[in-house]
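Visitor: Could you walk me through how to read a few features of a structure? I would like the general idea and then the case at hand.

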Amino acid sequence: MRLDAALAMATGMGRKESRLAVNKGQVCVDGTVVRKADYAVKSTDTVTYRGAVLDLREHLYFMLCKPEGTVSTTEDTEESVLRLFPEKYRKRLFCVGRLDKDTTGLLLLTDDGEFDHRLMSPKHHAEKEYLVSLARKISSEEIARLEGGITLENGEKTQPCHIEKQTDTVCKIVLCEGKYHQVKRMFAAVSNRVTALRRIRIGSLPLDPTLADGQWRELTEEEVSLLFPKK
Ligand code: URA
């Protein structure tokens with residue numbers, strides 16, 4: 001990768017700004033100032049910008065415990081989940097799928113389009129598990145109707161799913177698809193209302209219980225390869 005491109009990728013700077021920084025001598029490769037923007041950086045090189053070592057990994061993968069009131073968007077607005085991340089990552093990351101503004105819990109962010117596709121495409125059936133609080137008691141008969149697949153208010157049919165009752169008004173639901181507002185619409189179809197919704201797992205990856213709402217961490221290499229096995 002070219003040195004100016006590596007600097008742009010790692011810092012979120014524009015390409016022109018990166019080129020200027022290189023020309024000004026603000027970038028070192030293995031301790032030596034390099035002023036050539038087209039210098040070919042190797043993955044083993046240590047590149048610094050104004051003395052700080054750059055993260056040159058090709059892709060980044062984060063788990064966020066999304067707090068209520070934030071929006072799963074790439075737009076850099078006040079309410080965006082990206083505001084919970086350092087500025088250097090904001091231009092690079094996007095959300096893997098979406099959670100509603102009032103939904104909390106596991107949200108993945110990456111800059112890897114294939115990873116996103118693998119987890120979100122209906123073809124790959126990655127499970128998503130949610131903890132659901134309801135406005136009124138749910139019966140076994142209603143659970144059975146939801147599990148078998150139910151017709152939503154607009155005529156769409158949901159696929160079979162699994163529901164585990166925790167209390168009369170709390171359950172866990174595992175879906176392999178992701179229709180718009182699906183969980184809320186499914187419970188509305190049995191005349192109930194979701195009062196709180198938290199995603200607690202995607203595929204093999206549970207929400208890290210040590211993360212408080214608003215906190216994030218990087219996925220480990222093992223977590224990434226379990227979610228997204230490369231051939
Ligand atoms: N289903 C919903 O209704 N909302 C979400 O945020 C996720 C799934």
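Guide: Gladly, and let us start with a helix. Helices are DSSP runs of H or I with at least four residues, strands are runs of E with at least two, and both are numbered from the N terminus. Buried means under 20% relative accessible area, exposed over 50%, and partly exposed in between, with a 1.4 Å probe and protein chains only. In helix α5 (residues 140-148), Glu-142, Ile-143 and Leu-146 are buried. They span an arc of only 100 degrees around the axis, so they sit on the same side of α5; the arc is that of the directions from the helix axis to the C-beta atoms.

Visitor: Which exposed residues does the face of α5 turned away from its buried side carry?

Guide: That face carries Ser-140, Glu-141 and Gly-148. A word on the source: this is a predicted model, in which local features need pLDDT of at least 70 and side-chain atom pairs count only at pLDDT 80 or more, while totals for chains, interfaces and linings use all residues. Residues are numbered from 1 along each chain as its sequence is written, and side-chain values use heavy atoms, with hydrogens and water left out.

Visitor: How should I read a pocket?

Guide: On a 1 Å grid over the protein atoms alone, a pocket is an open set of points where a 1.4 Å probe fits, with protein on both sides within 12 Å along at least five of seven lines; lining residues have an atom within 4 Å of a point. Grid points are joined across faces, edges and corners, and a volume is the space filled by probe spheres set on the points. Here the largest pocket holds about 510 Å³. Its lining has 26 residues, and Arg-98, Leu-99, Gly-178, Lys-179 and His-181 are the closest to its centre.

Visitor: Why does the largest pocket lie between domain 2 and domain 3?

Guide: Because domain 2 (61-122 + 205-227) and domain 3 (127-202) both give residues to its lining; the bounds come from an automatic or database domain assignment. At least two lining residues come from each of β8 (128-134), α6 (182-188) and β11 (194-202), and α6 gives the largest share, with three. By class, the lining has ten nonpolar, eight polar and eight charged residues. Nonpolar covers Ala, Val, Leu, Ile, Met, Phe, Trp, Tyr, Cys and Pro, charged covers Asp, Glu, Lys and Arg, and the others, Gly among them, are polar.

Visitor: What about the second largest pocket?

Guide: About 320 Å³ of space lies there. Of its 13 lining residues, Arg-57, His-59, Tyr-61, Glu-221 and Val-224 lie nearest the centre, and helix α7 (residues 221-227) supplies the largest share, three residues.

Visitor: How many disulfides are there?

Guide: A disulfide is a covalent bond between the sulfur atoms of two cysteines. The rule asks for a pair of cysteine sulfur atoms within 2.5 Å, and the count is zero. For Cys-95, the nearest cysteine sulfur, that of Cys-65, is 14 Å away. Cys-95 is buried, at 12% relative accessible area.
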